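Okay, everyone, thanks for coming. Let me put the model up on the screen, and then I'll talk you through the two chains and how they meet.

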Amino acid sequence: MPTSKADLTNAISRVAKGDRSAFEALYAATSAKLFGVVVRILVRRDLAEEVLQEVYLRVWQRAAEYDPALSSPITWLVAIARNRALDEVKRKPMRSLEEMPGVLEIANDDDPLADHGRKEEMLRLKACLDRLEPEKSQIVLLAYYYGMTREEIAGRIKRPVSTVKTWLRRSLAQLKDCLGQ
Amino acid sequence: MTDDDDVDGLAAEYVVGSLDPTERAQVAARCRTDVTLREAIGDWERRLGTLADGVPGIEPPAHLYSTIAKRIWGQGGASIERAEATPLRRSARRWRGLAVGAGALAACLALIVVWLFQNSPGPPTAFVAELHRSAAGPTADESARAAGPPGFVVSLDLAAHTIKITPVTVRPAPRRSYQLWLTQGGSAAPSSLGVVSQSEPTTWAWRTLATPADLVNATLSVSLEPEGGSPTEMPSGPIIFIGKLVPATP
């Protein structure tokens with residue numbers, strides 16, 4: 001099963017040429033990861049399964065667009081999965097937000113798909129998030145992990161929507177400065 | 001919100017997921033024409049991408065892969081091997097094995113193809129082409145009439161989104177590449193389908209936007225190129241093989 005960055009990149013380039021076994025291997029290596037990301041946002045398993053199917057249809061169709069010089073394979077795959085899940089959750093906001101855990105932390109499971117360099121990258125991002133005020137890093141994580149809109153976040157943390165927007169923009173700009181890229 | 005001056009902030013919010021459905025749709029639409037916005041979104045996807053790393057994986061249900069395979073490759077999704085063992089494929093193999101009588105087999109294939117075309121209802125979803133040495137004549141028709149066995153055979157399966165080109169009587173060209181081109185309609189410019197292996201079948205995903213009607217009588221050609229393919233969007237070397245796509249049934 002391809003799990004290293006080079007393996008995944010190679011699998012995607014073979015998928016771009018219509019290689020079915022490479023597609024199956026890519027699915028085997030990455031579907032649990034993407035399903036985890038999609039389930040977090042959508043909560044409902046039936047919707048998440050539907051979305052995951054569409055994610056891999058897109059992967060099949062768009063593999064030729066993947067540019068290893070621009071992003072790592074897993075970043076590319078996660079972006080496709082999150083985009084599709086976010087579109088879906090915004091279209092049918094049917095989750096009960098109360099069910100979402102109160103305080104979010106950066107998930108910290110040992111990820112089999114993350115190599116050493118990527119883990120360092122994640123630690124840097126975590127360090128930058130930790131430099132924000134707790135309430136502000138929370139709203140970034142609420143949006144990222146659950147796809148909550150400003151309004152949903154505002155309801156949750158009992159602040160005006162305009163405040164949430166300002167905080168989000170400012171926090172994200174600070175993250176960018178901190179990461180220096 | 002699409003007139004938001006803070007393009008970077010908008011891109012950041014798009015990626016982080018906090019836009020409402022209307023704004024999200026507006027950003028997605030604006031993305032198609034606004035390169036700055038698109039690049040900013042790409043940058044944010046990279047910046048925040050590792051946040052997803054620690055999200056615990058969840059095994060999707062076991063049946064999901066076969067559902068996806070069916071959606072990509074159709075009901076016959078489980079049987080792509082079967083689809084490949086078409087008369088054409090077998091014929092191609094026989095051609096490769098039999099130097100003598102190859103011309104007769106080629107003629108035979110042409111008849112099979114015509115028969116399949118006449119007997120298939122609805123728009124065709126599969127096409128084949130024999131590519132003959134273009135030295136035999138400047139057009140696909142003249143080449144086919146004049147030549148013996150084809151240099152390459154091509155099968156295109158629109159249902160499976162694959163195109164396969166198999167060398168039959170091709171001489172290897174060391175340090176050069178053969179490149180396959182598609183020309184739709186009479187005057188359109190050829191578009192590259194890719195560099196072809198000189199010794200074994202090459203299969204690509206078929207992503208060209210074309211209706212079956214566009215493809216009937218579309219011309220395929222193989223040019224001789226510097227190693228790795230033409231440096232431009234057009235054939236840079238001579239067209240060596242040429243042929244027309246004709247409908248078939250997989």
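So, chain A: of its 181 residues, 41% count as buried, where buried is 20 or more other C-beta atoms within 10 Å of a residue's own, exposed is 12 or fewer, and partly exposed is in between, with C-beta atoms placed from the backbone. Before I go on, this is a predicted model, so local features need pLDDT of at least 70, side-chain atom pairs count only at pLDDT 80 or more, and totals for chains, interfaces and linings use all residues. Residues are numbered from 1 along each chain as its sequence is written, while chains are lettered from A and ligands numbered from 1 in the order in which they are written.

Chain A has eight helices and zero strands. Helices here are DSSP runs of H or I with at least four residues, strands are E runs of at least two, and both are numbered from the N terminus. Take contacts in chain A between residues at least 6 apart in sequence, and 63% join residues at least 24 apart; a contact means C-beta atoms, placed from the backbone, within 7 Å.

Now chain B. Its secondary structure is nine helices and nine strands, and 38% of its 250 residues count as buried. For contacts in chain B between residues at least 6 apart in sequence, 64% join residues at least 24 apart.

α8(A) and α1(B) pack at an angle of about 95°, with their axes 10 Å apart. The axes are lines fitted to C-alpha atoms, for helices over the stretch in contact, and angles run from 0 to 180 degrees between N-to-C directions. That makes α8(A) roughly perpendicular to α1(B); the cut-offs are under 35 degrees for roughly parallel, over 145 for roughly antiparallel, 65 to 115 for roughly perpendicular, and oblique for the rest. L168(A), R169(A), L172(A) and A173(A) of α8(A) meet G9(B), A12(B), E13(B) and V16(B) of α1(B).

Which of its 100 residues touch the most other members? V15(A), L34(A), V38(A), A143(A), A11(B), F152(B) and V154(B) do. α2(A) gives the most to this core, with eleven residues. As for A143(A), leaving out residues up to four places away in sequence, A143(A) touches M148(A), I153(A), L168(A), V16(B), G17(B) and S18(B).

Note on methods: Core = buried A, V, L, I, M, F, W, Y, C linked by C-beta atoms within 7 Å. Contact = placed C-beta atoms within 7 Å.
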